[in-house]
Amino acid sequence: FPLQAKIFDHEKKRIPSNYVNIAGLTLIELIMAISIVSVLTTLAIPNVLSEISKYRLNGAAQQVFVDLMSARMKAVSHNRKVKIFFTGDHQYKICQDTNNDGTVDDCEGNSRIINIQDNYKGITINSNNNPIFHPRGNASNLATINLTNSSGTKNITIAITGRIQIS
């Protein structure tokens with residue numbers, strides 16, 4: 001074994017003394033890294049903001065779609081008319097014909113008022129009519145509902161068969 005110890009001692013290489021005490025980054029390296037990250041962040045922010053606006057518009061369209069489908073199902077399951085009133089540029093009411101007189105008065109009986117901007121800021125809603133769903137699932141007062149924000153417009157159409165479609 002003593003012979004091996006001499007071989008290992010002979011093969012050891014010395015590390016220069018100027019590399020032994022290096023630890024961390026210099027101030028210039030740190031400033032350069034921070035400036036690169038800040039430039040990349042500045043370039044990415046407008047893209048992220050436009051995507052958020054698109055997600056809000058899609059989410060609002062999905063919410064209105066689901067509420068319309070729910071109103072249609074309620075008309076079929078309760079065997080009475082259900083009407084959706086669009087009031088203002090960001091609110092709508094879902095009302096039932098609870099007294100079964102054949103007409104849905106403005107929020108007769110159980111009603112639900114939805115403000116689209118509670119969950120989706122910056123969305124405006126506009127409809128050319130207040131649709132009515134009948135107990136057989138069909139619709140009258142056919143409507144096209146437009147949802148708009150800074151990223152564009154989504155249209156929801158209701159067919160006479162009761163079919164609801166987002167475009």
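Analyst: The turns below take up a helix, a sheet and the salt bridges. Please note that this is a predicted model.

User: How many residues does helix H3 have, and what span does it reach?

Analyst: One compares the span of a helix with the value expected at 1.5 Å a residue. Helix H3 covers residues 27–78, which makes 52 residues. From its first C-alpha to its last it reaches 72 Å, close to the expected 76 Å.

User: Where does H3 bend?

Analyst: The bend is at Ala-44 and amounts to about 30 degrees. A proline, Pro-46, follows within four residues. After the helix comes Asn-79, whose phi is positive, near 55 degrees.

User: Which residues of H3 are buried?

Analyst: The general idea rests on helix geometry: an α-helix has 3.6 residues a turn, so residues three or four places apart point the same way. In H3 the buried residues include Leu-57, Ala-60, Ala-61, Val-64, Leu-68, Ala-71 and Ala-75. Asp-67 is also among them, with a relative accessible area of 5%.

User: In what order do the strands of the open sheet lie?

Analyst: The sheet has 4 strands in the order E4-E7-E8-E9, and their pairing is antiparallel. Strands E4 (124–127) and E9 (164–166) are the edges, each pairing on one side only. From one strand to the next the twist averages 15 degrees. Between strand E8 (residues 152–158) and E9 there are 3 bridges; Ile-158 has Ile-164 in E9 as its bridge partner.

User: Which strands does H3 touch where it packs on the sheet?

Analyst: H3 touches E4, strand E7 (144–149), E8 and E9. The direction of the helix makes about 10 degrees with that of E8.

User: How many salt bridges are counted, and which side chains form them?

Analyst: Side chains of opposite charge can pair when their charged atoms come close. Here the count comes to 2 salt bridges. In one, Lys-54 meets Glu-51, with the closest N and O atoms 3.5 Å apart. Both residues lie in helix H3, 3 residues apart, about one turn of the helix. Lys-54 is partly exposed at 40% relative accessibility, and Glu-51 is partly exposed at 33%.

The other salt bridge joins the side chains of Arg-112 and Asp-67, at 3.2 Å from N to O. Arg-112 lies in strand E3 (residues 111–115) and Asp-67 in helix H3, so this pair ties together parts 45 residues apart in sequence.

Note on methods. Residues are numbered from 1 along each chain as its sequence is written. This is a predicted model: local features need pLDDT of at least 70, side-chain atom pairs count only at pLDDT 80 or more; totals for chains, interfaces and linings use all residues. Side-chain values use heavy atoms; hydrogens and water are left out. Helices (H or I, at least four residues) and strands (E, at least two) are DSSP runs, numbered from the N terminus. The expected span of a helix is 1.5 Å times one less than its number of residues. The bend at a residue is the angle between axes fitted to the seven residues ending there and the seven starting there. Buried means under 20% relative accessible area, exposed over 50%, partly exposed in between (1.4 Å probe, protein chains only). Two strands pair if DSSP finds at least two bridges between them. Axes are lines fitted to C-alpha atoms, for helices over the stretch in contact, and angles run from 0 to 180 degrees between N-to-C directions. Contact means heavy atoms within 4.5 Å. A salt bridge is a side-chain nitrogen of Lys or Arg within 4 Å of a carboxyl oxygen of Asp or Glu.
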